Amino acid sequence: MEQTIDPTLGPVLARTGDERAVLDSFLDFHRGVLLRKVRGLSDADASRRLVPSATTLAGLVKHLTLVERNWFPTLLAPEPGDVYLTSAEDAVASFTLGDQDTVAGLTEAYERACARSRSIAARFDLDHVVPHPQLGEVSLRWILVHLIEETARHAGHADILRELTDGESGAI
């Protein structure tokens with residue numbers, strides 16, 4: 001039996017594209033998976049702790065919003081006052097939810113951060129290199145691959161948490 005792949009998936013559409021198209025499509029795919037994991041959930045369900053760590057569905061969205069901001073605007077197009085966050089306290093805070101954090105607000109902030117990241121990344125070649133406070137230098141290519149890895153890893157966490165929340169599973 002021949003298996004077909006949904007042609008609306010970005011990575012499938014970019015399967016013969018250039019390197020940039022492939023990297024961008026995989027990152028956008030995983031960004032979309034994360035958003036699909038929180039859609040339709042109440043604020044209470046999205047912020048409920050289901051594992052021993054403080055990881056929650058809403059916390060994952062909040063964390064990846066900071067990750068987007070840290071890697072694209074702060075490194076590639078810093079504005080006055082931008083600081084690359086590196087401390088253990090920053091990492092914990094990126095997952096910590098406040099009373100004002102809602103699914104709608106967090107997803108809107110994440111979508112805005114991703115749009116800004118796309119816009120900034122589009123201005124540079126993959127070989128563009130910038131200083132990094134911990135690693136020395138990184139290229140845009142490396143940043144994109146790192147963000148694919150980080151976003152995919154957390155989208156997988158979100159998949160498990162969503163399944164624990166209401167039984168829904170799968171990337172789409």
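Arg162 is buried, with a relative accessible area of 4%. In this predicted model, the Arg162 side chain meets that of Glu168 in a salt bridge. Glu168 is partly exposed, at 39% relative accessible area. Elsewhere, salt bridges with shared partners tie Asp28, Arg31, Glu68 and Arg118 into one network.

The search of the whole structure finds 15 salt bridges.

| Pair | N to O distance |
|---|---|
| Arg141 and Glu19 | 2.7 Å |
| Arg153 and Glu149 | 2.9 Å |
| Arg162 and Glu168 | 3.3 Å |

Arg141 forms a salt bridge with Glu19. This pair links distant parts of the chain: Arg141 sits in helix α8 (residues 140-166) and Glu19 in helix α2 (residues 19-38), 122 residues apart. Arg141 is partly exposed at 26% relative accessible area. Glu19 is also partly exposed, at 40%.

Arg153 and Glu149 share helix α8. They are 4 residues apart, about one turn of the helix. Arg153 is partly exposed at 38% relative accessible area, and Glu149 at 37%.

Now the whole chain. It has 8 helices and 2 strands, in the order α-α-α-α-α-α-α-β-β-α. The radius of gyration is 17 Å, close to the 16 Å that the globule rule gives for 172 residues, so the chain is as compact as a globular protein of that length. Its C-alpha trace spans about 50 × 45 × 25 Å along the principal axes. Buried residues make up 42% of the chain.

The chain carries 17 positive and 26 negative side chains. The centres of these two sets lie 2 Å apart.

Methods
Residues numbered from 1 in each chain as written. Predicted model: local features only at pLDDT ≥ 70, side-chain atom pairs only at ≥ 80, totals over all residues. Heavy atoms only, no water. Rg over C-alpha atoms; globule rule 2.2 N^0.38 Å. Buried < 20%, exposed > 50% of the residue type's maximum accessible area, 1.4 Å probe, protein only. Lys, Arg positive; Asp, Glu negative; His and termini not counted. Charge placed at Lys NZ, Arg CZ, Asp CG, Glu CD. Salt bridge = Lys/Arg side-chain N within 4 Å of Asp/Glu carboxyl O.
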